[in-house]
Amino acid sequence: MNVFLGIDLGSVSTNLVLLDEEAELIDSIYLRTGGRPIQAIQEGLRVLGGRHRGRLQVLGAGTTGSGRRLAALVVGADVVKNEITAHAVASLKEVPGVRTILEIGGQDSKIIILQDGVVVDFAMNTVCAAGTGSFLDHQAARMNIPIEEFGERALQSKSPTRIAGRCSVFAESDMIHKQQMGHKVEDIIAGLCEALVRNYLNNVAKGKDIRPPVVFQGGVAANAGIRVAFEKALGVPVIVPRRFDVMGAIGAALLAQETVADGRPSQFKGFDVAVRDYVTNSFVCQDCPNHCEVVQVIEEGEVVGRWGDRCGKWSASVTAPTPKVHYYVEGAS
Amino acid sequence: MKITFPRMGTSYIAIADLFRGLGNEVISPPPITKRTLDLGTRYSPEFACLPFKILMGTYLEGIARGADTIVSSGGVGPCRAGFYMEMHRRILWDLGYEVQTITLEPPKGHLSDLVQQLRRLIHVPLSQVWDAVRFAWKKLELLDIIEERAYYLRPRELVRGSTTRAFRKCLSIVRGAKDPEELAEAKSQVEEILASVPINPEAVPLKVGLVGEIYVVLEPFANGEVAETLGELGVEVHRSIYLTKWTRENAFLDFFRIPADRDAKRLARPYLDEMIGGHGIINVGETVIYSRNGFDGVIHLAPFTCIPEIVAKGILTKVSADLEFPVMTLYLDEHTGKEGVRTRLEAFVDLIGKKREKEQGVAW
């Protein structure tokens, strides 16, 4: 079977998907990055490769997420795309007329505004990670509630407690205070969901024209409490796509399909990347006062990628095939 | 007297020559590095803006190399920068560095104003002053031209990184020029080097204007190398601020002739008719100009906590909606990661690219 591989290497999770030529999802895997991105990709490829042993022909591979360049280097990608575009592409596929995408992941959150199927505006959180997956994880653990049940518990609340949500540290103090005042756990959780939504709308989505259809995706979309809080705050239904948790990876796979549509052969190195030996290390270049920290990726004893240098001396010393990362204008048409 | 001064883009090369030509010993400000910023952040108030922190670090590094006098510029209008030299001095004195400070207003009017302000720095006969100023000015112009030229070449280059390498080579040649003859020689060398960068002359890159607070627009370290990043993403960058722009009647790239500030002010008027300090008004007006001149979008660079730019950002949201013209503000501070800037720029380039594709039906 011919497939396209999409990888979203994020700060918290690493997702891989396989789409067939009709862009239908064949398989997907959601892993914790756990601070070891290369191993996460290898694990993902090992599992996917094992499930479909020998039956897959990868025609194209795309990567996205904060670790997209590293992922591209390890697997041999045909396209490397930022998360905004990848999420928008996937969302448009799932909900064709989408106007607003709310995306909340492990450590960042974004809003994407579309018009007639084209992104016209976007924003990402800058100074604050309150309300993202990592914070919810932390609060769930602190309150001893499995994160999977967090949203359902919020929905049981009849009168959400008001939680100060501007800053995650203060939100936590406020929650502890409210617990000690005797508020019910459900009410506190529901209050937290509302506080985080308020925070998101005031910080990430400030000044943006939010119009339906509104799609909510990213790992935090699993939390029904947040979804309901969004619906309450916006006054419109909020759609959570079926594969809300791997939308970035789906977008990367769709973009890979688009990239190789001209018939070019894929640069994908194959599923046996999973068993190759990868080492990364870094050194501080002392050749000028910039003292750049150069990172290098070593595959089976051979340096396959370097970056971090401002002058380009080190990165240019490795000639890895470059995936399509930007539009190169071929000429006036 | 050993002088150091802020480093802002490539201008330090010419400014060092100027002070030297006026008979001073000069400690050229070292390149801004992570260390500069760490040092500056440690000794700055937390809510001071990024330029304040970088300058703090630059001064401390200059002092460590022997500087005992700091020359800096004042601010324009209600912007905290007008107060910075004094703040820096007090912090430095508290740290035990009793340096002298000389505050100059940025050369906004005629050259003669600048000369007048420079009097404390002049230790040579008047006849030599003119030579020194003219030489430094010529050098500054050449540096601006090189930068402008690099913006043009980068999205068209056939070998990624070749423009940036040529650009660095040009800077070191210009830096080495000691007198007008050497500068003339440097100029022809530079032109040769830039002309030899292989490009695709038929490319029609996306065009993006850079507006914002002057320091973060001019100093690549402060803006996460936004111009270089955009260039390598295939975007032709145009900057609204050049230190020498008003003297260049015939711009090196003629079709890029720079609109005068008063046009910018006039065009900003429907949105903002009030001096808000810094480059607030100009940024609003320049954005209108870029949209009229067929640009694909504008990147607005703002130091985090900068009041003039916060006001401008609010107004730019309206300008952007009215003109259906993409504008993205990047807030910059010591916590800004280059990767975060890159991600937003990539997404912005996708956005404006799709927009152009839709409007013109041109695949690019």
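This is a predicted model: local features need pLDDT of at least 70, side-chain atom pairs count only at pLDDT 80 or more; totals for chains, interfaces and linings use all residues.
Chain A contains nine helices and 13 strands. Its C-alpha trace extends over about 60 × 50 × 45 Å along the principal axes. When contacts in chain A between residues at least 6 apart in sequence are considered, 62% of them join residues at least 24 apart. The chain carries 34 positive and 37 negative side chains, and the centres of these two sets are 5 Å apart.

Chain B, for its part, is made up of 14 helices and eight strands in its secondary structure. Buried residues account for 59% of its 364 residues, and its accessible surface comes to about 15500 Å², of which carbon and sulfur atoms contribute 54%. Among the contacts in chain B with a separation of 6 or more, 72% are between residues 24 or more positions apart.

The largest nonpolar core holds 104 residues, and the members that touch the most others are Phe19(B), Leu230(B), Ile299(B), Leu301(B) and Leu345(B). The element that gives the most to this core is helix 6 of chain B (residues 126-153), which supplies 14 residues. Apart from this core lies another, of 36 residues, which includes Ala140(A), Met143(A), Ala154(A) and Ala190(A). Leu301(B), one of the residues named for the largest core, illustrates how contacts can link separate parts of a sequence: once residues up to four places away are set aside, Leu301(B) touches Leu210(B), Val211(B), Gly212(B), Glu213(B), Val216(B), Val217(B), Asn223(B), Val226(B), Glu309(B), Leu330(B) and Leu332(B).

His88(B) belongs to helix 4 (residues 84-94) of chain B and counts as buried, because its relative accessibility is 0%, a value under the 20% limit for burial. With its neighbours within four places in sequence left aside, His88(B) is in contact with Phe52(B), Leu55(B), Met56(B) and Tyr59(B). Arg35(B), by contrast, lies in helix 2 (residues 34-42) of chain B and is exposed, since its relative accessible area is 53%, a value over the 50% limit for exposure. Although Arg35(B) and Glu61(B) are 26 residues apart in sequence, their C-alpha atoms are 9.4 Å apart in space.

In chain A, helix 2 (residues 68-75) is mostly covered, with seven of its eight residues buried. The buried residues of this helix are Arg68(A), Leu70(A), Ala71(A), Ala72(A), Leu73(A), Val74(A) and Val75(A). Helix 2 of chain A is followed by Gly76(A), which has a positive phi, near 80°.

Several features of the backbone are found in loops. The peptide bond that runs from Pro212(A) to Pro213(A) is cis, with omega near -5°, and Pro213(A) is placed in the loop between helix 7 (185-203) and strand 9 (214-217) of chain A. A positive phi is also found at residues that are not glycine, among them Asp116(A), where the angle is about 50°, and Glu225(B), where it is about 55°. Asp116(A) sits in the loop between strand 7 (109-115) and strand 8 (118-124) of chain A, whereas Glu225(B) occupies the loop between helix 9 (214-218) and helix 10 (226-232) of chain B.

How values were computed:
Residues are numbered from 1 along each chain as its sequence is written. Chains are lettered from A and ligands numbered from 1 in the order in which they are written. Side-chain values use heavy atoms; hydrogens and water are left out. A nonpolar core is a set of buried Ala, Val, Leu, Ile, Met, Phe, Trp, Tyr and Cys residues joined through side-chain atoms within 4.5 Å. Buried means under 20% relative accessible area, exposed over 50%, partly exposed in between (1.4 Å probe, protein chains only). Helices (H or I, at least four residues) and strands (E, at least two) are DSSP runs, numbered from the N terminus. Contact means heavy atoms within 4.5 Å. Lys and Arg count as positive and Asp and Glu as negative; His and the chain ends are not counted. The place of a charge is taken as NZ of Lys, CZ of Arg, CG of Asp or CD of Glu. Accessible areas come from the Shrake-Rupley method with a 1.4 Å probe; for residues, only the protein chains shown count as cover.
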